[in-house]
Amino acid sequence: MSQTYFQVIAHYHVQPEQLTAVLELLARLRAASREEPANLSYDYFQNTDDPTHLVILERYTDAEGFAAHRESEHFRTLGIDGIIPRLDRRQVDTYPVVAAG
């Protein structure tokens with residue numbers, strides 16, 4: 001039996017002086033995102049060689065679930081208004097996945 005889901009991999013490069021604020025906002029965004037009906041997982045990691053490089057791994061039931069996430073109040077407030085202005089750059093890649101079960 002196979003499982004399908006929608007994988008999101010984001011790389012955030014944070015302005016060094018904004019790192020503490022971004023980590024706090026990201027923790028709040030993770031908690032709120034995990035409550036979304038289509039969210040399967042939401043985790044983030046800080047690079048040990050470059051602490052300003054964060055990798056966010058998100059899984060949703062489907063692309064529509066990810067689209068709903070991007071329209072959510074918590075994403076707009078914490079992500080768009082709070083985190084993104086504190087980044088030097090970011091890259092977000094998405095992948096539909098069919099995993100053999």
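**Figure 1. Overall view of the predicted model.** The protein exposes about 5900 Å², of which carbon and sulfur atoms supply 51%; accessible areas come from the Shrake-Rupley method with a 1.4 Å probe, and for residues only the protein chains shown count as cover. This is a predicted model, in which local features need pLDDT of at least 70 and side-chain atom pairs count only at pLDDT 80 or more, while totals for chains, interfaces and linings use all residues. Residues are numbered from 1 along each chain as its sequence is written, and side-chain values use heavy atoms, with hydrogens and water left out. The protein has 3 helices and 4 strands, in the order β-α-β-β-α-α-β along the sequence. Helices (H or I, at least four residues) and strands (E, at least two) are DSSP runs, numbered from the N terminus. With a radius of gyration of 14 Å, close to the 13 Å that the globule rule gives for 101 residues, the protein is as compact as a globular protein of that length. The radius is taken over C-alpha atoms, and the globule rule is 2.2 Å times the number of residues to the power 0.38. Along the principal axes, the C-alpha atoms fill a box of roughly 45 × 30 × 20 Å. Of the 101 residues, 39% are buried; buried means under 20% relative accessible area, exposed over 50%, and partly exposed in between (1.4 Å probe, protein chains only). Among contacts (heavy atoms within 4.5 Å) between residues at least 6 apart in sequence, 72% join residues at least 24 apart.

**Figure 2. The aromatic cluster of Phe6, Tyr60 and Phe66.** The whole structure contains 2 aromatic pairs. Rings of Phe, Tyr and Trp (its six-membered ring) pair if their centres lie within 6.5 Å; planes under 30 degrees apart count as stacked, over 60 as edge-to-face and the rest as tilted. Phe6 and Phe66 make a tilted pair, 5.8 Å centre to centre with 35° between the planes. This pair links distant parts of the chain, with Phe6 in strand 1 (residues 2-14) and Phe66 in helix 2 (residues 63-71), 60 residues apart. Phe6 is buried at 11% relative accessibility, and Phe66 is buried at 10%. Tyr60 and Phe66 also form a tilted pair, at 5.5 Å centre to centre and 50° between the planes.

Figure 3. Tyr60 counts as buried, with a relative accessibility of 0%. Not counting residues up to four places away in sequence, Tyr60 touches several aromatic residues, namely Tyr5, Phe6, Tyr42 and Phe66, together with Val8, Glu36, Ala38, Asn39, Leu40, Gly65 and His69. Leu78 lies 18 residues from Tyr60 along the chain, and their C-alpha atoms are separated by 19 Å.

**Figure 4. His69 and Gly65 in helix 2.** His69 is buried at 1% relative accessibility. Leaving out residues up to four places away in sequence, the residues touched by His69 are Leu29, Ser33, Glu36, Tyr42, Glu58, Tyr60, His74 and Phe75. Gly65 is buried at 6% relative accessibility. Beyond its neighbours within four places in sequence, Gly65 is in contact with Glu36, Ala38 and Tyr60. Gly65 and Glu36 are 29 residues apart in sequence, with their C-alpha atoms 8.5 Å apart in space.

**Figure 5. The salt bridge between Arg34 and Asp43.** Side chains of opposite charge can pair when their charged atoms come close. A salt bridge is a side-chain nitrogen of Lys or Arg within 4 Å of a carboxyl oxygen of Asp or Glu, and the count by this rule is 2. Arg34 and Asp43 meet at 2.6 Å, N to O. Arg34 is partly exposed at 41% relative accessibility, as is Asp43 at 28%.

**Figure 6. The salt bridge between Glu73 and Arg76.** The N to O distance is 3.3 Å. Glu73 and Arg76 are 3 residues apart in helix 3 (residues 73-83), a separation of about one helical turn. Glu73 is exposed, with a relative accessible area of 51%, whereas Arg76 is partly exposed at 36%.

**Figure 7. Arg59 over the face of Tyr5.** Arg59 lies 4.6 Å from the ring centre of Tyr5. A charge sits over a ring if NZ of Lys or CZ of Arg is within 6 Å of the ring centre and within 35 degrees of the ring normal.
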